[in-house]
Amino acid sequence: MLDFARTNAVGIITRDRDSGTVGVDKAGEPIVKYRLSRRDAEHLHTGVVGAADILEAAGARRIFSGHQAGVGYTPGTDGDRDGFAAAARAAGYGPGQCSLGALHIMGSARMGGSADMSATDPDGACWEVPNVVVADASCFPTSSGVNPMVTIEAIGHMNARRLTARLT
């Protein structure tokens, strides 16, 4: 903790190609099933190794990944990038092997022109649930592959204005 002020994290954002499923159990609760595919795990691995390259070039004294196996190295004294890359690959990217998170989940409630092809109308209003408007990245048609902050803000603004017009 004494070195926390000099600690930095690099977020690796990948655009996963493969998907999971969402179902509903008997109690009406969602059941999410998702496992990182080999292809998507390979892209994540490329990001982990690339982040290590960036950190080493920036002068990092210690580099480690989010693997539960404690994958890391100390540039110039204990290990190197290639050993780190091999250890990260060996540690794996499956459940319980590497910490993962989801940011800006895109396309899970996409906007569209018909209820059979989308979750919401072009204004973000849900086809099946009245009085619910979606105004975030979930209404994208698919993942954009880039940070969507400005696009999310634009959709939020557009859908809020359209909702206001309907309510007034």
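Of the 168 residues of the protein chain, 27% count as buried, where buried means under 20% relative accessible area, exposed over 50% and partly exposed in between, with a 1.4 Å probe and protein chains only. This is a predicted model, in which local features need pLDDT of at least 70 and side-chain atom pairs count only at pLDDT 80 or more, while totals for chains, interfaces and linings use all residues. Residues are numbered from 1 along each chain as its sequence is written, and side-chain values use heavy atoms, with hydrogens and water left out.

**Overall form**

- The protein chain contains three helices and four strands, which follow one another from the N terminus as β-β-α-β-β-α-α; helices (H or I, at least four residues) and strands (E, at least two) are DSSP runs, numbered from the N terminus.
- The radius of gyration of the protein chain is 21 Å, whereas a compact globule of 168 residues would have one near 15 Å; the radius is taken over C-alpha atoms, and the globule rule is 2.2 Å times the number of residues to the power 0.38.
- Taken along the principal axes, the box filled by the C-alpha atoms of the protein chain is roughly 65 × 35 × 30 Å.
- Among contacts in the protein chain between residues at least 6 apart in sequence, 45% join residues at least 24 apart, with contact meaning heavy atoms within 4.5 Å.

**Surface and charge**

- The protein chain has an accessible surface of about 11,600 Å², and 56% of this belongs to carbon and sulfur atoms; the areas come from the Shrake-Rupley method with a 1.4 Å probe, and for residues only the protein chains shown count as cover.
- The 16 positive and 18 negative charges of the protein chain have mean positions 1 Å apart; Lys and Arg count as positive and Asp and Glu as negative, without His and the chain ends, and each charge is placed at NZ of Lys, CZ of Arg, CG of Asp or CD of Glu.

**Nonpolar cores**

- The largest nonpolar core has 13 residues, of which Val48, Ala52, Ile63, Val71, Tyr73, Phe84 and Tyr93 touch the most other members; such a core is a set of buried Ala, Val, Leu, Ile, Met, Phe, Trp, Tyr and Cys residues joined through side-chain atoms within 4.5 Å.
- Helix 1 (38–57) and helix 2 are the elements that give two or more residues to this core, and the largest share, five residues, comes from helix 1.
- A second, separate core consists of seven residues, including Met106, Ala137, Ile152 and Ile155.
- Isoleucine 63, placed in strand 3 (residues 63–64), counts as buried because its relative accessibility is 1%.
- Leaving aside neighbours within four places in sequence, isoleucine 63 is in contact with Ala52, Leu55, Glu56, Val71, Gly72, Tyr73, Pro75 and Phe84, while its C-alpha atom lies 28 Å from that of proline 148, which is 85 residues away in sequence.
- Tyrosine 93, with neighbours within four places in sequence again left aside, is in contact with Leu36, Ala41, Leu44, His45, Val48, His67, Ala88, Cys98 and Leu100.

**The loop between strand 2 and helix 1**

- Leucine 36 lies in the loop between strand 2 (30–33) and helix 1, and, not counting residues up to four places away in sequence, it touches Ala41, Leu44, Tyr93 and Leu100.
- Beyond residues up to four places away in sequence, tyrosine 34 touches Asp16, Asp18, Ser19, Gly20 and Asp40.

**The loop between helix 2 and helix 3**

- Threonine 120 lies in the loop between helix 2 (81–91) and helix 3 (149–167), and it counts as buried because its relative accessibility is 0%.
- With neighbours within four places in sequence left aside, threonine 120 is in contact with Ala109, Arg110, Met111, Gly112, Ala125, Cys126, Trp127 and Val134.
- Asparagine 131 has its place in the loop between helix 2 and helix 3, and it counts as exposed because its relative accessibility is 81%.
- Most residues other than glycine have a negative phi, whereas phi of asparagine 131 is positive, near 65°.
- Serine 114 lies in the loop between helix 2 and helix 3 and is partly exposed, with a relative accessible area of 24%.
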